[in-house]
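Colleague: Please show the model, and let us then discuss some of its elements in turn.

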Amino acid sequence: MLSVNNSAVLSGLQVLSQTTTALNKAETAVSTGKTVATASDNPAIYSIANSMQAQSCALTGISQGLNILGQVVQTASTQGSLINNVLTSIAANIREGQNTGLDSNTINTQISTALSQIDTMASSATFNGVNLLAGAVVNGVTSNTASTALDAYGDSLKIAGNNATSAGLGLSGLNVDQTGVTLAFDPETLVVSGSATTTLTLNNIAQASGNGTAQDPAVRYQFVAEESNTGTNNSGSSTLATINTAIGTGSDLKWDPKTGDLTSGKSSVITSQYTDPNGVKLYTLNSGKAIQVSQGSNGEPVYTVSSTFDALGNPTAQTVITPVSIDTSGTGKMDDQAISDTFIKAISGQGFHVDRSSTDGALTISGGNIYAPNSSSSPNVSALTNAINTTPLSGSIVPVATDTKTVSVPQRDENGYLVYDSDGNIGHASATESFISTYGQQVNLTTAQASLADPVATQMDFNTNGASFGLDGYQLVLNQTTTDGMLSSSKTIGRSIQALTDSTPEISIDPTTGHVTPSKIISQSSAGTVFQVSTTASGNPMYVSLGIDGTTGNLTYSVSASSEFPQGETNTIVAVNVTPDMTSSTTYQNSLLTPIVTALKSAGITTNGSGIDAGTLSIVASGSKIAGSVPSGAVTADDGTPVWATPGTPYTYSNIKDPHNIDLYTYFPVYNSQSPNSSLLAADSRNFSGNTLSGEQTSGYDVAIGAVTAAISKMASINASLGNSSTLITQLTKNTAA
């Protein structure tokens, strides 16, 4: 083995080795472009470099995503501007036709062509499968919302889409004979406290027909009058009740009226939630339904409850709930016009056009695909009604008559000592005592609780044996008297009959004939028609007899397990015909009280004591047909009349001294009035409080112009939102590049 001991040679070899290492490092740096290519080059710098490289790659991806998102928004914005131009031309054509008398068919053809152009523009606003104007996932559109990542931590930017189709803009079937609704609007009648507040309900055509689709969903719009002071006196319960009703059975959402935030109550109704950069809150519920909370044009939160969806996840049925804040107290109390203006602003913000009459303040509403049939009595037109009041009417047993009984009582002298006869027995004297001889049943009904039409008409229950609902009793249902003879309380009556017969399928009542479905007719006579309901949960048939009261003209339904009426236990339902007199509060109260009292009297029920006290209708029913009326006690009055009283537990006169100063404990029987052995059934009055005002159909050029005006306003809002999104994306792109 060769050994080199020359120091000069060793030094040269060491230099050569160092040169080779440096050369290799330089070659690696040249080929990779990195001074530090591996951890062995410089561990600290290598770690920092890897982290910076990852961030750089992420920023590159974010920048690319923002660029694509910008293209999506720009595409929608371009088409949105074109749609706005078409809407402007439609308005001009309608106005020209109105002023020049141009043939209406020609104008309608122009309108139809323009609406087709709008639909084409909305569907063509698609970039990379995303469309922010189509309103649904259809026709090659994979998503109607656009989103992209903002950083490596999971934060994202999401932009919700809109519906700028002709249906989405409320212009379905637009023509110069366009129909709308004129609604009498008197702010003086508004109730704005607690759960009895006023709600204006408008339905679109798809809602009325039940034919909601992805691009034309069935929508119910509800504008809830809410006291502006949502503090301890009013915590916004009206809006909350409306939201929970729209969600359905079992919902117990809570909300903060100041922020508009929703939270779960006792049960976890909300399963997830998200807030987009525009402040729109999205809630997913455990029932599969969803709620979107956005800011309305009136500054209030708007709650859009989506209840049904198609196979692609598009909502096909929605309820749009808008609180309308009204100040009714203090120095800031709003006048009639201010209240009307507040409602108009909220209604306009949901895509409707509203004109107010300068003479009577009536509101004419058009656009929004509003449902406006010829019949003004249809409950689907629009209804100024109060939110559902779930508190049942209170019922109680009350004394309605007294009688007397002569009883024997021990004698005492002026000093309070017992008096004895010659045989040493305590002397007795006759005394007259009063007892309650008759009890009746009382229901109190405020006029604010009176609902005369479905859903759900006010009903009052009076039972005859006090056992349970459905056993031998009387139920009165307030029924709106209409000129067309329709039974306005048919849904309430059907629900009651279903409960009484224990029917499995839903029972319905024909509002024209009053007939029961499903059932079969087993007999008809001058006395009435008897129906057999066989589809009961128990499997045993039940029977319903339908007749007309000869005195009042009220329809009466008797439900029994026997077809031999009136034998057997029955429950009689009376549709009490009521014609409300709105001349004044007094005439309105009397128009409710009088037919109720008349109906009870016609049934052989005494109504003494019934009347109006401080705006409350007090209905007192008594007599042999009402539980609590016929006493069952063993005591009788002197004339032999039964008295509702039974011997009570004897009590003691203790330490009563006789003349011989001997303590004497004497027991005397005492008669006590007893509570009746029955209870009044609380009336199931889940009713709309207050008055229901139906809208009258209106039509013509001005209504058509109003519909287009509303569409232009809605399109302007969509375009403004797209413009804000575009500005935001541009700013984020600059920040990413920096």
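Colleague: Which residues of H7 are buried?

Modeller: This is a predicted model, in which local features need pLDDT of at least 70, side-chain atom pairs count only at pLDDT 80 or more, and totals for chains, interfaces and linings use all residues. Residues are numbered from 1 along each chain as its sequence is written, and side-chain values use heavy atoms, with hydrogens and water left out. Buried means under 20% relative accessible area with a 1.4 Å probe, protein chains only, and helices are DSSP runs of H or I with at least four residues, numbered from the N terminus. The buried residues of H7 are Ser490, Thr492, Ile493, Gly494, Ser496, Ile497, Leu500 and Thr501.

Colleague: Why is strand E29 described as largely enclosed by the rest of the structure?

Modeller: Strands are DSSP runs of E with at least two residues. Strand E29 covers residues 570–578, and it is largely enclosed because the buried residues number 8 of the 9.

Colleague: In which sense do strand E22 and E29 pair?

Modeller: Two strands pair if DSSP finds at least two bridges between them. Leu476 stands opposite Val574 in E29. Over 8 bridges, E22 (residues 473–480) and E29 pair in the sense called parallel.

Colleague: Which residue is the bridge partner of Leu555 in E29?

Modeller: Strand E28 (residues 555–560) pairs with E29 in the antiparallel sense over 6 bridges. The partner of Leu555 is Ala575.

Notes
Buried < 20%, exposed > 50% of the residue type's maximum accessible area, 1.4 Å probe, protein only.
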